[in-house]
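Subject: Structure for your review

Dear colleague,

Please find the structure below, together with its sequence.

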Amino acid sequence: MANSDGTSLWIDGAWRAAAGTFTVSNPATGEPLAEVADASRTDARAAIESAAAALPAWSATPGLERARVLRRAEALMLERATELGRTLTLEGGKPLAEARGEIAYAASFFAWFAGEAERTYGRVIPASTANKRLLALRQPVGVVGAITPWNFPAAMVTRKIGPALAAGCTVVLKPAEQTPLTALNIVALMTEAGLPPGVCNVIPTHDPGPVGTELLQHPAVRKITFTGSTEVGKYLAREAAATVKRVSLELGGHAPFIVFADADIDAAAQGAIVSKFRNAGQTCVCANRFYVHASVADAFLEALTPLVRALTVGDGTLDGVQVGPLIDTAGVQKVEAHVRDATTSGARVLVGGSRPPHLTRGNFYAPTLLDGATDTMRVMREETFGPVAPVARFESEAEVLRRANAGPFGLAAYLYTNDLSRAWRVAERLEYGIVGVNDALPSVAQAPFGGYKESGLGREGGTEGMDAFLETKYISTVIRG
Ligand code: ADP
């Protein structure tokens, strides 16, 4: 059983100190929360070697047994959702209710991939001659290097390690420097659930460079799975090419949220709130730019304005708070720059538009609604990663499709319409990996999640999420008659 340290490196089934530590801070207060061991490149190598040593036994463990460990981990996560959620709020900032929701979502990946572990079938292939038997087997890809972001400190971890462990891979996980505590809590709980030593190692660090280099260069690592910025994703893909490591990437997005004239306007406004302001707008699938048909734009803004105004901003640990802080001051500065750029180019602030005056510390920005946005504004082209909803108008379906599909991103898109034919037409033509039709929250463990174009490579969740951690081996046998 894991002891309750939770701030050290977790290598080979034991808590280990590092040469130094780094400070994790609470984004709602700016105050230090914990001192966490700071992994070096040497620590990364030790973690990889531990994962490599654990691989033969774990990959030979029957899928049904691996599934049992994942199910026990799921149960423990749900049992402890309140305390896990509290740590998540303290290091990541999202309100407690949202944090508990994320823990349940995170646990659902263990449940889904436990099922997949039980159903990792191969294939019997018809032979060309009577004396041959042809088989395709699925085998674990090997040691996996997993790199996760801070905006979903639990779910991005389980969405990667769930399928990796289900497939029989072993893992070295490098969580984001802002939110390592949740990752350490999860691995402690998995150890309690019966995960053997070395199967999942966790190495937080304040400087991802050296640890990343070791993961990229060590020959035992056969797969890199990453969620984060497009820039870092491209770098990892380039470096992984040197040893042809498999790569899965979940990168940035810039989701269009389209409201047609025939939409249920109240449902669209409610959906806009959920999609835009969840996690203070810091999700890669959150609505970034709103395109509303000119004939209903005023009605939509009339419905949305009071909802945005009513959002309560503050420390996520306090009752009733719906929008927490941004992760750091750089996040707030980026939002400020986007809003400034939009307003100097002619956008009008309907709600917010500044830091909330009543919150004097922490990284807060007021929920903001902008009218009169145009496609050249930064807020309409770059990921804002903050609580800002820019609204632009359109006239025709063809025009809005063209505008929605412009740019390098292709992760999520949303459309609101009550016309079934239009829903199909537009959903099929959007160059996006995820489309929500009258649905602002489409993500579930059993469905494939991932991006077109520069938003990523491969899929997580669903059966596709399991494929990402499996190799296919073809075996041809000659038999005597
Ligand atoms: P964000 O802007 O959301 O912080 P990043 O892409 O910088 O996005 O971070 C996502 C994850 O990638 C984090 O775990 C971070 O530590 C990691 N990361 C950043 N740079 C590198 C790098 N050079 N090598 C490996 N991991 C990196």
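Which residue of E18 does alanine 412 stand opposite? The residue is isoleucine 434. Please note that the model is predicted.

Strand E17 and its neighbours

Alanine 412 belongs to strand E17, which covers residues 412-416. Strand E17 pairs with strand E18 (residues 434-437) through four bridges, in the parallel sense. Strand E17 is also joined to strand E12 (residues 255-259) by three bridges, and these two strands likewise run parallel. In that pairing, tyrosine 416 of E17 is the bridge partner of valine 259.

As to burial, five of the five residues of E17 are buried, so the strand is largely enclosed by the rest of the structure. Ala412, Tyr414 and Tyr416 point one way from E17, whereas Ala413 and Leu415 point the other way; the residues on both sides are buried.

Helices H12 and H13

Helix H12 spans residues 397-405 and helix H13 spans residues 420-429. Their axes come within 10 Å and cross at roughly 30°. Because angles under 35 degrees count as roughly parallel, H12 is described as roughly parallel to H13. The crossing of H12 past H13 is right-handed.

On the H12 side, the contact is made by Glu397, Leu401 and Asn405; on the H13 side, it is made by Arg422, Arg425, Val426 and Arg429. Sorted by class, this contact of H12 with H13 comprises four charged, two nonpolar and one polar residue.

Yours sincerely

Conventions:
Residues numbered from 1 in each chain as written. Predicted model: local features only at pLDDT ≥ 70, side-chain atom pairs only at ≥ 80, totals over all residues. Heavy atoms only, no water. Axes fitted to C-alpha atoms, helices over the stretch in contact; angles between N-to-C directions. Parallel < 35°, antiparallel > 145°, perpendicular 65-115°, else oblique. Left-handed = near helix turned anticlockwise from the far one by under 90°. Contact = heavy atoms within 4.5 Å. Nonpolar A, V, L, I, M, F, W, Y, C, P; charged D, E, K, R; others polar. Buried < 20%, exposed > 50% of the residue type's maximum accessible area, 1.4 Å probe, protein only. Pairing = 2+ DSSP bridges.
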